[in-house]
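Colleague: I would like to learn how to read the features of a new model one by one. Could we go through this one together?

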Amino acid sequence: MQNKIINEGLVSIKIPEFEKVSSKAPVFYNPVMELNRDLSVIALNQYQKMVGNPLNICDAFGGSGIRGIRYSKEIDSNKIITNDVNPLAIDFIRSNIDLNKVDNVSVCREDANLLLRKCKGKFDVVDIDPFGTPSYYIESAAISLKSGGLLCVSATDTSSLCGTYKNPCIRKYSSKPLKTEYCHENGIRILIGFIARVFAKYKKSIQVQFSHSSEHYMRIYLTIQKGAAITDQSLMDIGFILHCKNCLNRDLVTGFAPFLPSICPVCDGDYNIAGPLWCGKIFDSDFINGMINITDDVIINKKKEVYKLLNLCREEADGPPTFFDLHRISKKLKMSAPPLDKVLTQLLKEGYFASRTHFKPTGIRTNASIETMDKIILSL
Ligand SMILES: C[S@@+](CC[C@H](N)C(=O)[O-])C[C@H]1O[C@@H](n2cnc3c(N)ncnc32)[C@H](O)[C@@H]1O
């Protein structure tokens with residue numbers, strides 16, 4: 001087996017040569033996830049600044065060890081556990097620890113669920129970065145995180161979360177997805193809603209700090225607070241999105257078993273339903289501002305991409321759930337799309353919230369109604 005060295009952040013990592021990125025690789029490493037790891041380093045630094053103590057971190061799906069070793073080198077950390085079930089991955093993690101001369105990373109070969117359940121209330125940060133769905137590991141993460149801790153979750157089963165395959169989403173997340181222009185945002189809301197419900201069993205509430213959908217994956221960062229009252233309060237953000245495919249109107253209804261209208265009040269078309277899902281905030285602008293400041297100081301290859309994504313997320317952070325797609329509305333109106341900037345300017349002039357969104361280059365996040373959007377687009 002031929003090995004190669006890759007350089008990312010402040011580390012050099014040895015991995016076996018591979019033909020194609022796949023879960024069948026002898027040891028998993030995906031160069032496309034460099035942006036994910038860069039953002040993770042930045043988010044954990046921001047979280048560490050908030051709590052003020054060196055962090056105890058569990059990298060539950062270690063692969064080559066790159067994530068845990070980067071956390072050790074690039075974040076103020078106390079102890080880091082890097083875990084993987086694959087014995088060859090464990091050999092590579094050990095030699096990568098030596099290669100990078102880090103002394104606070106310990107190695108564990110255990111099923112992630114068993115490890116997390118054995119470490120009840122031990123971690124400040126739990127990082128869940130599995131193949132496909134993270135849904136199997138959320139309950140164990142709820143057990144192992146301290147109150148005040150940070151949960152980081154990646155999901156690559158976007159075809160389920162975005163509604164290409166409805167039944168797998170219902171099976172894994174107990175939620176109905178919906179294929180719409182904003183299906184990636186819906187997917188993130190389904191994942192967060194699922195986490196909120198699982199954590200609620202343990203009287204743990206969630207506060208979303210940052211989330212994004214990039215390439216083939218979604219990633220979320222949320223902090224946890226213990227307490228029955230605050231958990232009950234946070235569950236009030238669970239609800240449903242109603243979407244009319246005819247006129248593109250949408251509505252939000254919160255609650256566990258609320259009355260859901262089946263007819264769109266704008267055009268009398270049928271409403272399609274997604275949920276239950278998270279109707280609350282999916283970004284915190286203070287957290288993102290902190291991440292942007294930290295980006296100035298970190299040494300990473302993907303700085304330009306990181307700034308671009310964080311700036312877009314900051315723009316949309318305080319906007320309402322869901323966004324309109326300019327091209328989809330223009331198609332409905334049987335006209336070519338006007339420039340996006342002109343629509344944004346007009347919305348702002350009329351006193352609405354209006355921003356771009358990182359989810360889609362042609363997306364507009366606004367609190368204006370579909371009727372107002374139609375009127376503005378027709379006028380331009
Ligand atoms: C997507 S990769 C992790 C990539 C790594 N975090 C990175 O940033 O490069 C998933 C890893 O989880 C490991 N794995 C799969 N199932 C597991 C389980 N139940 N418990 C622990 N590790 C598992 C696989 O061997 C694989 O190395």
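**Strand pairs**

Modeller: Helices (H or I, at least four residues) and strands (E, at least two) are DSSP runs, numbered from the N terminus. This is a predicted model, in which local features need pLDDT of at least 70, side-chain atom pairs count only at pLDDT 80 or more, and totals for chains, interfaces and linings use all residues. Residue numbers start from 1 along each chain as its sequence is written.

Colleague: In which sense do strand 7 and strand 9 pair?

Modeller: Two strands pair if DSSP finds at least two bridges between them. Here strand 7 and strand 9 (residues 217-226) share six bridges in the antiparallel sense. Strand 7 also has a parallel link, with five bridges to strand 6 (residues 123-128).

Colleague: What do strand 6, helix 5 and strand 7 make?

Modeller: A right-handed β-α-β unit, with helix 5 covering residues 138-144. Right-handed means that, with the strands pointing away from the viewer, the path from the first strand over the helix to the second runs clockwise.

Colleague: How many residues of strand 7 are buried?

Modeller: A residue is buried if 20 or more other C-beta atoms, placed from the backbone, lie within 10 Å of its own, exposed if 12 or fewer, and partly exposed in between. Strand 7 (residues 145-155) is mostly covered, with eight of its eleven residues buried. Helix 2 (residues 66-74) is largely enclosed by the rest of the structure, because eight of its nine residues are buried. Among the buried ones are Arg67, Arg70 and Glu74, along with Ile66, Ile69 and Tyr71.

**Core and domains**

Colleague: Which residues have the most contacts inside the largest nonpolar core?

Modeller: A nonpolar core is a set of buried Ala, Val, Leu, Ile, Met, Phe, Trp, Tyr and Cys residues joined through C-beta atoms within 7 Å. The largest one here has 105 residues, and the most contacts inside it belong to Val126, Ala141, Leu151, Leu191, Ile192, Ile195 and Ile220. Helix 8 (residues 183-200) supplies the largest share of this core, nine residues. Domain 1 (3-316) and domain 2 (324-379) each contribute at least three residues to this core. These bounds come from an automatic or database domain assignment.

Colleague: What does Leu151 touch?

Modeller: Contact means that the C-beta atoms of two residues, placed from the backbone, lie within 7 Å. Setting aside residues up to four places away in sequence, Leu151 touches Val126, Ala141, Leu145, Leu222 and Ile224.

Colleague: And how far apart are the C-alpha centres of domain 1 and domain 2?

Modeller: They lie 30 Å apart. The contact takes 15 residues from domain 1 and 13 residues from domain 2. On the side of domain 1 that touches domain 2, two or more residues come from each of helix 8, strand 8 (204-214) and helix 11 (303-316). Helix 11 gives the most to that side, with five residues.

Colleague: How does domain 1's side divide by class?

Modeller: The side of domain 1 that touches domain 2 has seven nonpolar, four polar and four charged residues. For these classes, Ala, Val, Leu, Ile, Met, Phe, Trp, Tyr, Cys and Pro count as nonpolar, Asp, Glu, Lys and Arg as charged, and the others, Gly among them, as polar.

**Backbone details**

Colleague: Which residues have a positive phi although they are not glycine?

Modeller: Lys203 is one of them, with phi of about 55 degrees; Lys203 sits in the loop between helix 8 and strand 8. Leu248 is another, with phi near 75 degrees, in the loop between strand 10 (238-244) and strand 11 (250-254).

Colleague: Why does Lys203 count as partly exposed, and why does Leu248 count as buried?

Modeller: Lys203 counts as partly exposed because it has 16 C-beta neighbours inside 10 Å. Leu248 counts as buried because it has 22 C-beta neighbours inside 10 Å.

Colleague: Where is a cis peptide bond?

Modeller: It joins Gly275 and Pro276, with omega about 5 degrees. Pro276 belongs to strand 12 (residues 271-278).
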